[in-house]
Amino acid sequence: MEYQTLLVDISDKVAKLTINRPHKKNAINPQLVLDMVQALDDLRYNDEVAVLIVTGAGDAFCAGMDLKEYFHDLKGKNPAEYDRINRMLIDWRGRLMRHYPKPTIAMVNGYCFGGAFPLVECCDLAIAAEEAEFGLSEINFGMFPGGAVSKTLANLFRPRDALFYGLTGRRFNGIKAAEIGFVNYAVPRARLESETMALAREIAGKDPIALRATKDAYRMSLEMSWEAAMSYTAAKENEVLLLQKGGWLEDGVGDFVKGLYKPGLAGHETLKK
Ligand code: COA
């Protein structure tokens, strides 16, 4: 697995995808979009991978869209290529990542601007370095949070925070990002990697079919009426049963009923893959 703008390391069933453009603060250029889509496809079918981490090389997580390669060089000058890459960009974060069959974690190690916000949002979980710097810098170059950024704000930000940071372009750190709910929590940068890996390994130890169903049920329920959501999860229960060949009902519930373990306190051993 070799990509021009990405590094992929796999250990303990966790794949770490590192955006590898530190000289450009890991800004999203067209090649990165192509590499990300390819890597997600490659890892999707890799049985050695249960959880994905996305991070950036060097001192930046991602400085948003590559303002030169993406906008200056493409938009207006090569409309067909801009449209082709832009559709892939929308698909990568909006569908591929959001509905990825394996849990995903954004590990925000440093600068996180504009177009990087949807990358944090589309991951299921996000852990930031306390020292990371977030900012909706679009207003500073006379733009607004375009593309998927406004939708990210609508999905995850409190209304007052969305417009405060969108209108001012002020930066906030990882501690603040956790306080407003954009990331799960923040830790000192020195502990970011070890704490994120520990979380990833913990999740990688759960049943992969149940993990996928957890994501599907949550994400689809967000978009459904109450009646449709009840119907969807009822069908999903049976799908999980079918795929696990009895797993959660026979082993999970069955062994609890026999008094063999307490799921409130720990996972079932044979359901851990
Ligand atoms: N697009 C294209 N290039 C970018 C970039 C971006 N979003 N962010 C950083 N770079 C490039 C810089 O132009 C510079 O390239 P150069 O060495 O060829 O001149 C290189 O990355 C290093 O950045 P530099 O500005 O020297 O580092 P810094 O630590 O002083 O500042 C930032 C880092 C991120 C604060 C600053 O680069 C910046 O403001 N970038 C734009 C952020 C932004 O508005 N993103 C939203 C886009 S949607």
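How far is a nitrogen atom of the ligand from a polar backbone atom of L67? I began my notebook with that, and the distance came out at 2.8 Å. A reminder to myself before going on: this is a predicted model.

**Entry 1: around the ligand**

I stayed with the ligand and looked at how much of it is covered. Taken alone, the ligand exposes 850 Å², and the protein buries 58% of that. I then looked up the residues around the ligand and found 13, with K24, A63, M65, L67 and S137 coming nearest. Sorted by class, this shell has seven nonpolar, three polar and three charged residues. A polar backbone atom of A63 sits 2.8 Å from a nitrogen atom of the ligand. For M65, a backbone N or O atom lies 2.9 Å from a ligand nitrogen.

**Entry 2: salt bridges**

Next I turned to charged pairs. Side chains of opposite charge can pair when their charged atoms come close. I found 19 salt bridges in the structure.

I picked R21 and D66, whose closest N and O atoms are 3.0 Å apart. R21 lies in the loop between β2 (14–19) and α1 (30–44), and D66 in the loop between β4 (60–62) and α2 (67–72), so this pair ties together parts that are 45 residues apart in sequence. I noted that R21 and D66 are both buried. E69 joins R21 and D66 in a network of salt bridges.

K215 is in helix α9 (residues 208–222) and D124 is in the loop between α4 (117–122) and β7 (125–129), so the two are 91 residues apart and the pair links distant parts of the chain. K215 counts as buried because its relative accessibility is 9%, under the 20% cut-off. D124, at 24%, is partly exposed.

R158 is partly exposed at 41% relative accessibility, whereas D161 is buried at 11%.

**Entry 3: a patch on the surface**

Which residues form a nonpolar patch on the surface? I found W248, L249, V253, F256 and V257, with about 450 Å² of accessible area together. I looked up V257 on its own and placed it in helix α11 (residues 247–257). V257 is exposed because its relative accessible area is 66%, over the 50% cut-off.

Technical notes. Residues are numbered from 1 along each chain as its sequence is written. This is a predicted model: local features need pLDDT of at least 70, side-chain atom pairs count only at pLDDT 80 or more; totals for chains, interfaces and linings use all residues. Side-chain values use heavy atoms; hydrogens and water are left out. Patches are made of residues with over 30% relative accessible area and no salt bridge: like charges are joined within 9 Å, nonpolar side chains (Val, Leu, Ile, Met, Phe, Trp, Tyr) within 5 Å. Accessible areas come from the Shrake-Rupley method with a 1.4 Å probe; for residues, only the protein chains shown count as cover. A salt bridge is a side-chain nitrogen of Lys or Arg within 4 Å of a carboxyl oxygen of Asp or Glu. Helices (H or I, at least four residues) and strands (E, at least two) are DSSP runs, numbered from the N terminus. Buried means under 20% relative accessible area, exposed over 50%, partly exposed in between (1.4 Å probe, protein chains only). A residue is near a molecule or strand if one of its heavy atoms lies within 4 Å of it. A polar contact is a pair of N or O atoms within 3.5 Å; within protein, one must be able to donate a hydrogen and the other to accept it, and residues adjacent in sequence count only if both atoms are side-chain atoms. Ala, Val, Leu, Ile, Met, Phe, Trp, Tyr, Cys and Pro count as nonpolar, Asp, Glu, Lys and Arg as charged, and the others, Gly among them, as polar.
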